[in-house]
Amino acid sequence: KMFPKKVILNSAYPNPFNPVTSISYTLSDKDHVILSVYNLTGQLIQTLVNEKQDVGSHSLLWDATHQPSGMYFLRMETENEMLHQKLMLMK
């Protein structure tokens, strides 16, 4: 099985979303992953993942039922990379 040479953060789907979006990513090595959601002011809303994970594809759902409509930032940190993505919650 072939694995990518780097970390890939796929586009959240659906986006814009209400109230749940699917987040998926692929790891090229066993790595510590921190996946967090921030609001526009940079305040941490929720940490979705904070653990060592195996090589391969991972996915999860973010349920933003209790959050106000608006733009959010998804931040994925590994030992060597930091990736960002905008999420739009429309209620």
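The model under study is predicted.

**The sheet**

Begin by selecting strands β4, β3, β6 and β7, which form an open sheet of four strands in the order β4-β3-β6-β7. The pairing within this sheet is antiparallel. Which strands stand at the edges? They are β4 and β7, each of which pairs on one side only. Now view the strands together: on average, neighbouring strands of this sheet are turned by 15° against each other, with direction ignored.

**The salt bridges**

Side chains of opposite charge can pair when their charged atoms come close. How many salt bridges does the structure hold? There are three, and each is visited in turn below.

*Asp54 and Lys30.* Select these two residues and display their side chains, which meet in a salt bridge with an N to O distance of 3.1 Å. The pair links distant parts of the chain, 24 residues apart. Asp54 is found in the loop between β4 (44-53) and β5 (56-63), while Lys30 is found in the loop between β2 (20-27) and β3 (31-39). With a relative accessible area of 44%, Asp54 is partly exposed.

Is Glu79 buried or exposed? Glu79 counts as exposed, because its relative accessibility is 53% and the cut-off for exposed is over 50%. Lys52, at a relative accessible area of 49%, is partly exposed.

*Arg75 and Glu77.* Finally, select Arg75 and Glu77. Their salt bridge has its closest N and O atoms 3.1 Å apart. Colour the two residues separately and compare their surroundings. Arg75 has a relative accessible area of 23% and is partly exposed. For Glu77 the value is 19%; since buried means under 20%, Glu77 is classed as buried.

Notes:
Residues numbered from 1 in each chain as written. Predicted model: local features only at pLDDT ≥ 70, side-chain atom pairs only at ≥ 80, totals over all residues. Heavy atoms only, no water. Salt bridge = Lys/Arg side-chain N within 4 Å of Asp/Glu carboxyl O. Helix = DSSP H or I, 4+ residues; strand = E, 2+ residues; numbered from the N terminus. Buried < 20%, exposed > 50% of the residue type's maximum accessible area, 1.4 Å probe, protein only. Pairing = 2+ DSSP bridges. Axes fitted to C-alpha atoms, helices over the stretch in contact; angles between N-to-C directions.
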